[in-house]
Amino acid sequence: MNKFDELSLSEIVDEVKDGDLIGIPADYSGVPMKFTKELIKKGVKDLKLYCLPLTTIQGDMLIGSGCVSEIEAAAVTLGEFGLAPRFSEAVESGEIVIKDSTCPALHAQLQATEKSVPFMPLRGVIGSDIQKYRKDWQVIENPMKSSGNKNEPILLLPAVKLDVLIFHAPCADKNGNIQIGRRRELATLAHASKNVFVTTEEILDIDLFDDELSAATCLPALYIDGISVVKNGAWPCALPGVYGADNNEIKKYSIAAKTQEGFEDYMKNYLFN
Amino acid sequence: MIELKREELLISQLADLLVNDKHIAVGAASPIPGAAALLAKEEAKLQNNRLRVTILHSNKYNNFTDGARELFDCAAQGRIDTFFLGGVQIDGEANINLVGTGSYKKIQKRFPGSFGSALMYFVVPQIILFREEHSPRTLVDKVDFISAPGFSDENIYRPGGPKFLLTNRALFRFNKQKKRFCLLKIHNNESLENIIKLTGFKFDVDDKITNMSIPDKTRIDMLRNKISYMVAEFYPEFADRIWGV
């Protein structure tokens with residue numbers, strides 16, 4: 001028996017407010033697509049997407065549906081199926097604000113929040129146009145004379161705290177611990193988020209902490225604010241270790257979404273059939 | 001024998017550059033580098049050498065357990081010898097642009113973004129730039145946006161950087177001192193005149209310029225009978241298109 005009250009998917013959707021800074025997992029971490037579908041139906045507005053470190057069809061759909069005002073990411077792409085068409089068009093037309101970043105910076109900003117320190121240093125990046133256009137980033141001279149080059153400039157990145165994170169996981173246990181396996185970036189996201197909700201394929205009548213092997217694969221319940229069982233919750237994205245991506249569907253989307261009209265036709269079918 | 005495909009020739013060129021490595025990592029959207037790394041690994045095995053390959057978008061060929069940040073931490077620690085980067089545009093000073101064309105504030109054509117290039121380009125000793133399309137729109141005099149710079153000031157921490165650039169027509173080596181590419185090999189169907197015409201930046205030409213080497217039968221068999229199936233695990237579309245597996 002579960003020792004927590006399971007939420008419905010719509011209860012999770014209601015936890016996301018207009019204007020929230022929302023954590024977006026990469027395509028290899030468990031993309032909550034069924035949740036995304038309901039979020040679009042609800043008509044949420046002005047979301048700020050924080051991608052760790054990239055997004056695929058989830059971000060593209062939210063942008064095409066007019067739910068997004070800003071996105072911070074290292075990439076938005078449909079991978080093997082090419083450019084993310086709604087994202088590209090929204091950036092070209094100036095409809096959304098893009099805060100261009102690079103993968104390790106997106107990780108580091110959340111790691112700062114994990115440690116509750118105001119910033120995190122990172123090497124590289126200096127001299128790029130990414131750095132040039134990020135007014136929220138600063139370069140200082142390395143104050144630690146014991147290491148680094150002489151007068152080494154080093155980049156500082158601000159701590160970022162997310163309002164809310166939703167991801168999809170293979171399973172939860174009866175105490176609300178979530179199996180994330182090797183997808184440890186989900187732990188980074190969760191540690192840096194005010195609220196965390198999980199959709200999962202199933203809830204098992206076990207305690208993942210009872211076994212040393214499974215304990216090492218889980219995100220403890222103390223970081224989780226709500227769980228809902230949603231079968232095939234990542235479709236058409238993959239749920240690593242459980243099912244692969246539906247490449248035919250993603251290809252179909254990539255073709256349809258090349259135009260806003262094609263996208264809207266696709267979405268009518270996707271949302272309501 | 002079935003005719004050698006262009007992709008197979010490029011995989012073979014890249015594999016030749018990986019023979020001294022201990023650990024190669026392969027990032028997003030890189031089926032040809034991924035196949036080359038696995039080919040180098042299998043060939044090293046035959047010589048009783050162990051070569052590690054980490055393919056980010058694979059569950060099977062992936063050595064990391066600490067989440068997506070481990071690639072960058074591992075690279076920063078100097079534990080990765082070779083990584084591949086591409087670009088919408090690459091310029092003569094090896095600056096790369098993965099963001100888009102036109103001025104940044106009024107971008108004309110937006111591409112996915114810079115991925116991890118802005119750190120990897122600084123810390124991995126051998127960065128191989130790989131861009132199939134060899135044309136004046138991809139190989140430009142100056143990139144429209146610098147995702148990662150080709151070189152840095154002396155006081156910047158930078159153990160890594162560009163070593164080679166491979167396109168479907170040519171292989172260049174980057175000279176860090178001169179901040180300039182040098183043409184080493186060209187495709188058998190290419191002429192030097194045509195390469196000059198299709199390259200948007202000025203470059204040097206090696207004294208011993210040759211054609212791209214054609215892989216021998218052993219390598220082609222390895223590629224078609226073994227590597228193809230390995231690639232299908234993480235780039236199914238590519239493996240199907242090239243080898244029908």
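This is a predicted model: local features need pLDDT of at least 70, side-chain atom pairs count only at pLDDT 80 or more; totals for chains, interfaces and linings use all residues.
Local features need pLDDT of at least 70, side-chain atom pairs count only at pLDDT 80 or more, and totals for chains, interfaces and linings use all residues. Residues are numbered from 1 along each chain as its sequence is written, while chains are lettered from A and ligands numbered from 1 in the order in which they are written.

**Exercise 1.** Find which peptide bond is cis at A:Pro53, and where A:Pro53 is found.

*Solution.* Start with some background: most peptide bonds are trans. Now look at the bond from A:Leu52 to A:Pro53, which is cis with omega near -15°. Then place the proline: A:Pro53 sits in the loop between strand S2 (47-52) and strand S3 (54-55) of chain A. Strands here are DSSP runs of E, at least two residues, and helices are runs of H or I, at least four residues, numbered from the N terminus.

**Exercise 2.** Is B:Phe115 buried or exposed?

*Solution.* Begin with the backbone: B:Phe115 is not a glycine, yet its phi is positive, about 50°. Its loop runs between strand S7 (109-110) and helix H4 (117-123) of chain B. Finally, B:Phe115 counts as buried because it has 26 C-beta neighbours inside 10 Å. The cut-offs are 20 or more other C-beta atoms within 10 Å for buried, 12 or fewer for exposed, and partly exposed in between, with C-beta atoms placed from the backbone.
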